[in-house]
Amino acid sequence: MDLAYIPSPSTGVIHLGPIPLRGYAFCIIIGVFVAVWYGNRRWIARGGTAGTVADIAVWAVPFGLVGGRLYHVITDYQLYFSEGENWVDAFKIWEGGLGIWGAIALGAVGAWIGCRRRGIPLPAYADAIAPGIALAQAIGRWGNWFNQELYGRPTDLPWALKITEGANREAGTYHPTFLYESLWCIGVALLVVWADRRFKLGHGRAFALYVAAYCAGRGWIEYMRVDEAHHVLGLRLNVWTAIVVFLLAVTYIVVSSRLRPGREEIVEPKAEKKAEEKEEKVEGLEKAGESDASADTESGTAPDAVDLGKDGKDVEHGAGKS
């Protein structure tokens with residue numbers, strides 16, 4: 001008898017009349033909003049303008065969703081194109097199935113397009129949103145909890161995840177790998193924020209640190225999972241992907257720090273131009289104020305002298321008459 005465990009929801013869908021509200025979709029949407037909100041704060045702190053992160057996200061998010069779904073469908077094609085399966089299910093993204101590798105890769109293409117349209121360097125933008133992406137992943141992983149998917153090996157630990165009987169799954173208690181990855185992503189976000197403040201990371205190195213740290217955790221978490229996956233040399237495909245991407249990210253950090261040390265001074269030319277215009281306007285107002293004050297002083301002295309002179313004259317005239 002299990003003394004303690006994490007329960008799974010009885011359903012991942014709540015129907016609001018004829019409209020289905022899916023927990024998986026809610027987690028993805030909330031994660032995107034958090035990433036944009038926090039990325040916007042970091043972008044402004046680095047000298048950018050408010051709203052830029054959201055404008056570029058309009059390009060990055062759709063590309064990321066398409067990329068994530070493509071990676072999942074390609075690497076798990078047997079779920080949609082095998083005998084007895086319906087290929088139309090490949091388009092049902094709300095039922096789960098987004099590969100983070102494809103989401104980041106194609107999302108970067110969308111971000112590049114958005115950055116290019118605004119004259120912004122992609123590495124600087126990537127550094128600003130890196131912790132937000134990690135937090136979005138932490139939130140998005142709870143969508144797997146709603147769908148009762150991507151859990152680990154059977155266990156009787158107090159924090160085991162209870163899975164109910166269903167299609168392609170057996171009832172029991174398993175390692176909650178969704179929770180492990182969610183907590184790991186929160187740790188990754190905190191690591192990137194700390195390292196960015198401590199070492200003033202720039203030119204894409206904060207983003208590369210996020211990638212490397214995430215891959216380090218994804219490797220061992222992926223190894224615990226028991227869902228069907230392709231294997232290469234005895235390891236799951238995503239484990240190999242994590243290893244390769246980790247090495248690439250570390251290599252980028254080392255090479256970039258040597259070729260382009262430090263951090264970008266200007267991340268958004270538009271913001272720099274606005275700052276210069278504001279400074280010029282302030283200087284102009286200060287000069288105008290000094291000129292007005294000087295003119296008032298000069299014009300105020302002469303009348304006082306004349307008035308005193310008149311008063312003095314009147315007094316003298318009055319004294320003579322009396």
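Let me begin at cysteine 27, which, once its neighbours within four places in sequence are set aside, is in contact with Ile139, Gly140, Trp142, Gly143 and Phe146, where contact means heavy atoms within 4.5 Å. Cysteine 27 counts as buried because its relative accessibility is 7%; here buried means under 20% relative accessible area, exposed means over 50%, and partly exposed lies in between, with a 1.4 Å probe and protein chains only. The C-alpha atom of cysteine 27 is also separated by 8.5 Å from that of alanine 136, although the two are 109 residues apart along the chain.

Before going on, a word about what we are looking at: this is a predicted model, in which local features need pLDDT of at least 70 and side-chain atom pairs count only at pLDDT 80 or more, while totals for chains, interfaces and linings use all residues. Residues are numbered from 1 along each chain as its sequence is written, and side-chain values use heavy atoms, with hydrogens and water left out.

Taken as a whole, the protein has ten helices and six strands, and of its 322 residues, 39% count as buried. Among the contacts with a separation of 6 or more, 71% are between residues 24 or more positions apart. The accessible surface comes to about 18900 Å², and 65% of that belongs to carbon and sulfur atoms; such areas come from the Shrake-Rupley method with a 1.4 Å probe, and for residues only the protein chains shown count as cover.

Now let me turn to helix H9, which covers residues 237-259 and contains isoleucine 243. How far apart are the end C-alpha atoms of H9? They are 33 Å apart, which agrees with the 33 Å that its 23 residues should span at 1.5 Å a residue, the expected span being 1.5 Å times one less than the number of residues. The buried residues in H9 are Asn238, Val239, Thr241, Ala242, Ala249 and Ser256, and they pack against helix H2 (52-75), helix H4 (100-118), H8 and strand E6 (235-236).

Together with Phe246, Leu247, Val250, Val254, Val255 and Leu259, Ile243 makes a nonpolar surface patch of about 570 Å². Patches are made of residues with over 30% relative accessible area and no salt bridge, like charges being joined within 9 Å and nonpolar side chains (Val, Leu, Ile, Met, Phe, Trp, Tyr) within 5 Å.

That brings me to charged pairs. Side chains of opposite charge can pair when their charged atoms come close. A salt bridge here is a side-chain nitrogen of Lys or Arg within 4 Å of a carboxyl oxygen of Asp or Glu, and by this rule the count comes to 13 salt bridges. One of them joins arginine 263 to aspartate 196, with the closest N and O atoms 2.7 Å apart. Because arginine 263 lies in the loop between H9 and helix H10 (269-321) and aspartate 196 lies in helix H7, this pair ties together parts that are 67 residues apart in sequence.

Aspartate 227 takes part in two of the bridges I want to show: the one with arginine 225 has its closest N and O atoms 3.1 Å apart, and the one with arginine 236 has an N to O distance of 3.3 Å. Aspartate 227 is partly exposed at 22% relative accessibility, while arginine 225 is buried at 10% and arginine 236 is buried at 5%. Salt bridges that share partners join Arg218, Glu222, Arg225, Asp227 and Arg236 into one network.

Leucine 150, in the loop between helix H6 (142-147) and strand E3 (161-163), has a phi near 55°, a positive value in a residue other than glycine, and leucine 150 is partly exposed, with a relative accessible area of 21%. Histidine 203 also has a phi near 55°; its place is in the loop between helix H7 (177-199) and helix H8 (205-224), and histidine 203 is buried, with a relative accessible area of 10%.

Technical notes: Helices (H or I, at least four residues) and strands (E, at least two) are DSSP runs, numbered from the N terminus.
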